[in-house]
Amino acid sequence: MLRLIDVNCRIGAGPADREGSIRTKEALLSLMDDFHVEKAVVFHTVSQYSDAVLGNELLLQETENDPRFLRQWAVQPALWELYPRPDEWLAQMKENGVCSVRLFPKQYGHSLRRYACGDLLDALAECRVPAFISLDQLASWDALYDLCQDYPANRFVLCSPGYRCLRYLVPILESCSNLFVETSNLLMHDGLSDLCRHGLGGRLLFGSGAPEASLAAAASQLLLSDLAEEEKQIIAANNAEKLLSEVAL
Amino acid sequence: MNQVPSNSELRTPNSEPNRRETPCCGTSDFRLPTSDCIGANVYEGLPFPDDVFIFDIHAHVHQTSDFQMTHASPAEVAATMRKLGIDGGCVSSILSIHADCRLGNELVRQAVREQADKLFGYLTVSPHDHDVDLDSFFADPKFRGMKVHAAFHRSAINDPRYDFFYEYADAHALPILFHAWEAIDSVHIAQVAARFPHTKLIIGHGAMRTWEIKQEVIKAVRRYDNVFADTTVSVAYDGAVEWIVNEIGADRLCYGSDIPFYDCRHVVGKVATAKLTDEEKRKILGENARAILNL
């Protein structure tokens with residue numbers, strides 16, 4: 001039986017929660033139980049859609065005393081006194097056991113280039129805090145390449161790359177050793193096996209995008225793949241554990 | 001930090017997940033998978049058991065130029081079905097849809113012969129080309145229906161130029177699989193269903209998309225006995241399969257994957273592990289397709 005760590009989950013209501021969809025933490029835990037998902041990296045929807053700081057606070061409350069949730073904060077570059085400075089973010093993250101961050105440059109409307117995000121991303125790099133970012137938060141695949149190249153000391157996790165990604169994703173992975181990929185929506189036929197066969201299995205982290213996307217679908221894609229059990233386990237949990245264990249806050 | 005209300009405090013009582021009355025495997029436990037569930041093999045990463053008939057009603061072969069599709073040949077699509085314990089699938093050629101309709105159909109004719117243990121064929125029909133020997137294709141028992149992709153053929157499902165094919169399908173009780181990406185597509189399919197009651201119509205992608213689209217799917221399926229929906233585009237949230245089954249019934253939903261646009265593993269696993277009875281899952285995974293395609 002594989003041990004799974006889901007690196008792409010959210011807690012909280014979204015603006016377009018759909019009929020029959022999972023909306024509570026308890027329901028998410030129940031689904032995790034079905035697929036033997038030990039732990040899930042979670043951010044709060046309020047961080048994504050409304051207010052990063054408020055969402056981060058809500059996340060702490062909702063995940064209190066529940067070690068199955070690995071807390072992820074949304075962060076954004078400082079602007080006057082409106083948001084914490086990088087050292088303040090990191091101090092609060094350390095205090096609250098937050099081990100990764102999520103970037104929403106498109107949603108928040110800020111640049112990822114050095115003039116805007118340099119201080120923040122340099123601080124994250126110093127503590128080896130991985131920064132997760134969905135493809136839909138980037139202007140283009142070239143923007144992802146530029147991000148990885150401009151900040152070589154950072155570790156980035158691309159979430160929900162989609163099934164049409166190979167012609168962009170593979171050369172970027174081959175050029176940028178600081179990029180990892182979360183597997184939800186990475187749904188090319190035999191895609192996981194292909195990426196592993198070409199030496200990229202160490203860069204893949206199991207994720208689902210739940211509850212907005214299907215944990216059952218993401219887990220089935222990995223569990224039923226042609227990969228050997230050891231390869232599946234690397235993607236299912238080992239890569240994520242290694243990445244998160246190296247955080248030094 | 002300021003104390004703020006938790007989400008559970010903020011939510012209304014109506015925001016609980018949609019829980020079905022019907023439990024998995026007939027037990028009283030809503031969520032716990034048990035060893036005799038059809039989904040049990042998915043949790044273990046094993047092929048599906050032989051006694052479950054699984055048939056992919058929405059599959060393809062061949063390439064598109066839009067992006068790098070992997071393992072798109074008939075042999076590779078069939079190989080995946082064999083590995084997973086999927087009994088078969090009905091394929092149309094992406095070449096027929098995206099480029100050369102005639103060439104794609106001829107290649108499907110070849111593919112269903114070469115992969116005879118797994119693949120059946122749809123004849124892709126184009127509103128721009130009526131010069132097709134329909135009798136020749138449908139004399140071949142491997143061809144089980146028609147595929148209509150009006151969007152790529154720069155047309156609409158209710159384009160009168162399709163009537164040539166709808167009339168033939170109706171006369172021969174042949175099913176038609178539609179690519180139905182927008183809500184209007186289901187409206188048009190309902191119109192076709194009313195005019196051609198002897199053909200069975202499958203709303204491709206119908207079961208999994210937005211609320212607005214699903215409302216039209218539900219209306220069409222409820223109103224016409226000859227309309228069905230399939231499960232392609234299955235990255236939709238957990239609970240989507242159960243929700244649509246509640247709306248249209250397990251008799252009217254068919255497993256379809258869109259392989260090789262997508263892998264089929266995620267959707268077949270999601271249906272197999274849904275919170276449905278084994279009887280419902282059997283219908284969705286294959287028995288409905290068996291009846292529709294006369295397998």
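This is a predicted model: local features need pLDDT of at least 70, side-chain atom pairs count only at pLDDT 80 or more; totals for chains, interfaces and linings use all residues.
The crossing of H9(B) and H10(B) is right-handed. On the side of H9(B), the residues involved are Lys214(B), Gln215(B), Ile218(B), Val221(B) and Arg222(B), and these meet Trp243(B), Ile244(B), Glu247(B) and Ile248(B) of H10(B).

Strand pairing in chain B is illustrated by strand S5 (residues 176–179) and strand S6 (residues 201–204), which are joined in the parallel sense over four bridges. Within this pairing, Leu177(B) has Ile202(B) in S6(B) as its bridge partner. Ile202(B) points to one side of S6(B) together with Gly204(B), whereas Leu201(B) and Ile203(B) point the other way, and all of these residues are buried.

In chain A, an open sheet of eight strands is found, with the order S1-S2-S3-S4-S5-S6-S7-S8 and parallel pairing. Its edges are formed by strand S1 (4–11) and strand S8 (204–205) of chain A, each of which pairs on one side only. Strand S1 of chain A runs parallel to strand S2 (residues 37–44) of chain A, and six bridges join the two. Across this pair, Cys9(A) stands opposite Val42(A), which belongs to S2(A). Helix H4 (residues 86–95) of chain A packs on the sheet, where it touches strand S3 (69–75) and strand S4 (100–103) of chain A, and the direction of H4(A) makes about 165 degrees with that of S3(A).

The helix H4(A) was then considered residue by residue. Pro86(A), Trp89(A), Leu90(A) and Met93(A) are buried in H4(A). These residues lie on the same side of H4(A), because they cover an arc of only 95 degrees around the axis. The buried residues of H4(A) pack against S3 and S4 of chain A, and also against helix H3 (52–62) and helix H6 (114–126) of that chain. Just after H4(A), the backbone at Gly97(A) takes a positive phi of about 65 degrees.

Note on methods. Residues are numbered from 1 along each chain as its sequence is written. Chains are lettered from A and ligands numbered from 1 in the order in which they are written. Side-chain values use heavy atoms; hydrogens and water are left out. Two strands pair if DSSP finds at least two bridges between them. Contact means heavy atoms within 4.5 Å. Axes are lines fitted to C-alpha atoms, for helices over the stretch in contact, and angles run from 0 to 180 degrees between N-to-C directions. A crossing is left-handed if the near helix is turned anticlockwise from the far one by less than a right angle, and right-handed if clockwise. Buried means under 20% relative accessible area, exposed over 50%, partly exposed in between (1.4 Å probe, protein chains only). The arc is that of the directions from the helix axis to the C-beta atoms.
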